[in-house]
Amino acid sequence: MALLTEIREADFIDSIAEALQFISCYHPPDFVRGLAAAYDREESASAKQAIGQILVNSRMCALGRRPICQDTGMANVFVKFGMGARMLSERSLQDLVDDAVRRAWLASDNPLRASVVHDPLFGRVNSGDNTPAMVSVELVAGSGVAVDVSAKGGGSENKTKFAVLEPSESVADWVVRTVETLGAGWCPPGVLGIGVGGSVDKAMAMAKEALNEPLNMLELKRRGPSSRAEEVRLEIFERVNALGIGAQGLGGVTTVLDVKLRSFPTHAASLPVALIPNCAATRHIHFELDGTGRAQFDVPSLSDWPDVVIEQSRIGTRRVDLDQLDDAEIRSWRPGETLLLSGTLFTGRDAAHRRMVETLRAGKSLPVDLKGRAIYYVGPVSPIKGEIIGPAGPTTATRMDRFVEEVLSATGLKVMIGKAERGPAAIESIARHGAAYLIAVGGAAYLVSKAVRAAEVVAYADLGMEAIYRLQVEDMPVMVAVDSKGASVHDTGPALWRRT
């Protein structure tokens with residue numbers, strides 16, 4: 001009988017910890033190439049600028065070894081454990097992976113934002129170290145251990161969909177209809193993972209794991225499909241992009257860079273289908289352990305990134321003084337217009353908004369005066385030495401929709417900044433109060449943070465990354481998404497570029 005391959009506990013933990021740190025800063029090279037190709041062929045000016053910001057941000061993060069996105073994600077670890085391998089540890093695989101996650105998220109030279117909360121039903125207290133990880137284990141033939149590590153942000157994870165179709169229904173039709181309803185909260189352009197068959201849990205697992213596959217849609221288009229599965233992938237790719245959703249939902253040629261599809265035998269009466277999108281902050285890596293030591297990760301060459309220059313001062317870009325906001329200024333903004341913001345900007349997202357509304361309902365005063373001010377929906381990464389603030393990209397604004405009317409009417413707040421579209425009720429409130437909603441580019445968190453000149457926590461410090469900060473910004477790039485009359489670029493943009 002052959003000797004078992006022995007995998008040291010330290011090698012396993014070290015490899016996963018380094019993989020998580022690595023993917024926080026480096027897009028996969030194939031994703032960069034796909035994004036660069038999308039930039040070259042994009043015809044929508046606003047979508048092209050958004051993709052350009054994502055590419056510039058990606059290169060900056062590679063140079064500075066800092067997170068691509070402020071939402072550094074939930075750790076997903078897929079382990080394929082060879083039957084001929086043995087882990088030299090008495091602890092569970094979950095414990096080993098959690099040790100790796102803890103080490104990665106608390107690294108002093110590149111701390112990552114802890115987003116995992118314990119007790120999802122009630123207290124929702126942050127774990128502080130992003131544990132536990134989501135671990136999937138499969139026993140396979142062989143004598144090694146293969147691991148896929150990914151970090152999945154909440155914005156795209158929240159757009160996961162599942163359905164059990166009739167066996168005669170079209171999977172492609174369902175996917176296209178579903179993507180059309182997702183809005184921009186998943187931060188396109190990205191990748192769609194689709195799992196078909198098996199059971200509910202199997203379909204979901206296949207969809208999630210499919211997102212770790214290399215991108216090859218451009219190659220598939222060049223050579224043509226060689227199987228029915230590739231035909232479906234190509235059909236979904238073309239039809240989704242024809243919806244005109246575009247980068248950040250602004251309207252454009254490219255919404256998805258690739259479509260990944262996995263299938264498994266299922267019950268004759270069922271057709272389970274899971275859909276999981278990956279955002280513009282796609283982060284994953286594969287490695288294998290054979291008992292000879294920890295995994296090694298090669299830093300990508302800077303030549304992998306295209307030369308993209310975002311000219312922030314081009315004709316038509318307007319500079320706005322946030323400390324001198326008035327109704328006339330806000331009324332002059334138009335959907336799709338690019339603004340460069342300077343001055344005082346408060347932050348506040350889900351937990352802060354909930355606490356503010358509870359305070360207002362109790363008849364008490366808020367700890368900050370928002371009259372005539374702007375608020376940014378963001379939970380930044382902690383800064384390292386030499387930084388004012390860590391990566392600070394926008395979070396999905398629709399989660400704040402339920403608070404908009406009470407906050408606007410009670411505080412006199414004039415401007416909100418986030419990502420993705422607003423719902424009908426929020427848009428009605430914005431128009432009623434003569435306010436405006438702006439968007440920063442999701443997937444450009446490090447780039448946005450460079451516009452911050454000062455930052456301090458001014459309220460709700462116990463909420464950690466969800467505390468209220470007062471920022472001083474200079475030339476922070478945003479686009480007008482909803483103007484003071486309630487016109488939304490997330491309606492007009494996709495309608496203009498829709499090809500179906």
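The expected span of a helix is 1.5 Å times one less than its number of residues. In this predicted model, helix H11 (residues 350-361) has twelve residues, and its first and last C-alpha atoms are 17 Å apart, close to the 16 Å expected at 1.5 Å a residue. Helix H3 (residues 45-64) agrees with the rule as well, because its 20 residues should span 28 Å and its end C-alpha atoms are 28 Å apart.

The buried residues of H11 are Asp350, Ala352, His353, Met356, Val357 and Thr359. An α-helix has 3.6 residues a turn, so residues three or four places apart point the same way. The cover over the buried residues of H11 includes strand S13 (374-376), helix H12 (404-411) and strand S17 (468-482). After H11 comes Gly363, with a positive phi near 75°.

H3 is mostly covered, with 14 of its 20 residues buried. The residue Arg65 follows H3 and has a positive phi, near 50°.

## The four-stranded sheet

An open sheet of mixed pairing is formed by four strands in the order S6-S9-S7-S8. Strand S6 (161-165) and strand S8 (256-264) are its edge strands, each pairing on one side only. On average, neighbouring strands of this sheet are turned by 15° against each other, direction ignored.

S6 and strand S9 (residues 271-278) run antiparallel and are joined by five bridges. Within S9, Leu271 stands opposite Leu165. Helix H6 (residues 171-181) packs on the sheet, where it touches S6, strand S7 (190-197) and S9; the direction of H6 makes about 40° with that of S9. Helix H7 (residues 200-210) lies across S6, S7, S8 and S9 and runs at about 150° to S7.

Val273 is a residue of strand S9. Is Val273 buried or exposed? Val273 counts as buried because its relative accessibility is 0%, and the cut-off for burial is under 20%. Leaving aside neighbours within four places in sequence, the contacts of Val273 are Lys161, Phe162, Ala163, Leu165, Val171, Trp174, Ile194, Gly195 and Val196. By contrast, Ala459 lies 44 Å from Val273, C-alpha to C-alpha, and 186 residues away in sequence.

## Strands S1 and S3

Strand S1 (residues 5-8) and S3 run parallel and are joined by four bridges. Ile7 has Met87 in S3 as its bridge partner. Met87 also belongs, with Ala85, to the covered face of strand S3 (residues 85-88), whereas Arg86 and Leu88 form the uncovered face.

## Nonpolar cores

The largest nonpolar core holds 93 residues, and those with the most contacts inside it are Phe12, Ile16, Leu20, Val145, Val149, Phe287 and Met416. The element that gives the most to this core is helix H1 (residues 9-25), with nine residues. Apart from this core lies another, of 28 residues, including Leu339, Tyr376, Ile417 and Val480.

What does Leu20 touch, not counting residues up to four places away in sequence? The residues in contact with Leu20 are Ala75, Ala100, Val101, Ala104, Trp105, Leu112, Val149 and Ser150.

## Aromatic pairs

The model contains three aromatic pairs.

| Pair | Centre to centre | Angle between planes | Arrangement |
|---|---|---|---|
| Phe22 and Tyr26 | 4.7 Å | 45° | tilted |
| Phe22 and Phe297 | 5.7 Å | 35° | tilted |

One aromatic cluster is formed by Phe22, Tyr26, Phe287 and Phe297. Of these residues, Phe287 is also named among those with the most contacts inside the largest nonpolar core.

Note on methods: Residues are numbered from 1 along each chain as its sequence is written. This is a predicted model: local features need pLDDT of at least 70, side-chain atom pairs count only at pLDDT 80 or more; totals for chains, interfaces and linings use all residues. Side-chain values use heavy atoms; hydrogens and water are left out. Two strands pair if DSSP finds at least two bridges between them. Helices (H or I, at least four residues) and strands (E, at least two) are DSSP runs, numbered from the N terminus. Axes are lines fitted to C-alpha atoms, for helices over the stretch in contact, and angles run from 0 to 180 degrees between N-to-C directions. Contact means heavy atoms within 4.5 Å. A nonpolar core is a set of buried Ala, Val, Leu, Ile, Met, Phe, Trp, Tyr and Cys residues joined through side-chain atoms within 4.5 Å. Buried means under 20% relative accessible area, exposed over 50%, partly exposed in between (1.4 Å probe, protein chains only). Rings of Phe, Tyr and Trp (its six-membered ring) pair if their centres lie within 6.5 Å; planes under 30 degrees apart count as stacked, over 60 as edge-to-face and the rest as tilted.
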